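Hello,

Here is the structure I promised to pass on. Please open it first, then read my notes below.

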Amino acid sequence: GAASETATPSAAAATPPGTVLLASPSVIAPLIARQLEDAGAAVITATGTSDAIRQVEGSPWSAILADSSLGMPALEHVLRAATPAAGARIALITPAE
């Protein structure tokens, strides 16, 4: 699969079809990214809220997965900042939440 990378301001400008943004500061983010890559997705990982927001704005992602460990206000902000052209917007929430 494609290599996962930490998001940079220039990464969002060049998101090819099939690219997934994984917004998660969690230690399991690399595992999730690898599973997505094994399924054929290109994955860009944003480890913080400001980085995730910078990435989602103005870029047509195939899917955005945002982890609740960002905090619920940040999670909502990231998912709402996505362009209308974004594919699925998925919030990752643990069963305890």
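Asp 51 is buried, at 8% relative accessibility. This is a predicted model, so please read every value here as computed from it.

The side chain of Asp 51 meets that of Arg 54 in a salt bridge, at 3.1 Å from N to O. Both residues sit in helix H2, which covers residues 49-56. They are three residues apart, about one turn of the helix.

Helix H3, residues 72-81, holds Arg 80 and Glu 76. They are four residues apart, about one helical turn. Arg 80 is exposed, at 68% relative accessible area. Glu 76 is partly exposed, at 38%.

Now the whole chain. The protein has three helices and five strands. Along the sequence they follow the pattern β-β-α-β-α-β-α-β. There are 97 residues, and 42% of them count as buried. The accessible surface is about 5000 Å². Carbon and sulfur atoms account for 60% of that surface. Take the contacts between residues at least 6 apart in sequence: 67% of these join residues at least 24 apart.

Best wishes

Methods
Residues numbered from 1 in each chain as written. Predicted model: local features only at pLDDT ≥ 70, side-chain atom pairs only at ≥ 80, totals over all residues. Heavy atoms only, no water. Helix = DSSP H or I, 4+ residues; strand = E, 2+ residues; numbered from the N terminus. Buried < 20%, exposed > 50% of the residue type's maximum accessible area, 1.4 Å probe, protein only. Contact = heavy atoms within 4.5 Å. Areas by Shrake-Rupley, 256 points an atom, 1.4 Å probe, with all protein chains shown as cover. Salt bridge = Lys/Arg side-chain N within 4 Å of Asp/Glu carboxyl O.
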